[in-house]
Amino acid sequence: YLANFAASSLGSKQGAPGGASAAGSSPVDACVDLYIALKAEAEARLTDGAGQKPAYSMRTLCRALDYARCSAPKYGLQRALYDGFAMAFSTQ
């Protein structure tokens with residue numbers, strides 16, 4: 001489900017040049033893997049400034065992917081994904 005959601009949110013730019021992750025997978029796979037890892041870290045050990053666990057949800061992922069979709073034409077997909085995830089997941 002997450003892969004389909006990420007692909008539709010990115011406008012199906014799976015094969016965009018310069019967008020593959022270091023492991024060689026598609027940007028969609030990298031987004032899904034990162035989201036799952038971030039949720040696991042939030043449950044295990046991350047805390048915010050108030051000492052509370054951050055609440056990462058599909059909304060958080062949607063914000064990151066929406067920003068990336070809008071910014072990719074100007075900055076490239078890889079940079080847009082980096083900025084979108086940093087904005088959405090660092091500001092919880």
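Modeller: Let me begin with a term: rings of Phe, Tyr and Trp (its six-membered ring) pair if their centres lie within 6.5 Å, and planes under 30 degrees apart count as stacked, over 60 as edge-to-face and the rest as tilted. This is a predicted model, in which local features need pLDDT of at least 70 and side-chain atom pairs count only at pLDDT 80 or more, while totals for chains, interfaces and linings use all residues. Residues are numbered from 1 along each chain as its sequence is written, and side-chain values use heavy atoms, with hydrogens and water left out.

Biologist: How many aromatic pairs does the structure hold, and which residues do ring pairs link into a cluster?
Modeller: By that criterion the structure holds three aromatic pairs. The residues that ring pairs link into a cluster are Tyr35, Tyr56, Phe85 and Phe89.

Biologist: Which parts does the pair of Tyr35 and Phe89 tie together?
Modeller: Tyr35 and Phe89 form an edge-to-face pair, with 6.2 Å centre to centre and 65° between the planes. Helices here are DSSP runs (H or I, at least four residues; strands are E, at least two), numbered from the N terminus. Because Tyr35 lies in helix α2 (residues 27-44) and Phe89 in helix α4 (residues 77-90), the pair ties together parts that are 54 residues apart in sequence, namely α2 and α4.

Biologist: Is Tyr35 buried or exposed?
Modeller: Buried means under 20% relative accessible area and exposed over 50%, with partly exposed in between (1.4 Å probe, protein chains only). Tyr35 has 5% relative accessibility, so the term for Tyr35 is buried.

Biologist: Which residues of α3 make the contact with α1?
Modeller: The axes of helix α1 (residues 2-9) and α3 come within 9 Å and cross at roughly 35°, where axes are lines fitted to C-alpha atoms, for helices over the stretch in contact, and angles run from 0 to 180 degrees between N-to-C directions. Contact means heavy atoms within 4.5 Å. On the α1 side the residues are Leu2, Phe5, Ala6 and Ser9, and on the α3 side they are Met58, Leu61, Cys62, Leu65 and Arg69.

Biologist: Is Ala7 buried or exposed?
Modeller: Ala7 has its place in helix α1, whose buried residues are Leu2, Phe5, Ala6, Ala7 and Ser9. The cover over the buried residues of α1 includes α2 and α3. At 11% relative accessibility, Ala7 falls under the cut-off and so counts as buried.

Biologist: What pattern does the protein follow along the sequence?
Modeller: The protein has four helices and zero strands. Read along the sequence, the pattern is α-α-α-α.
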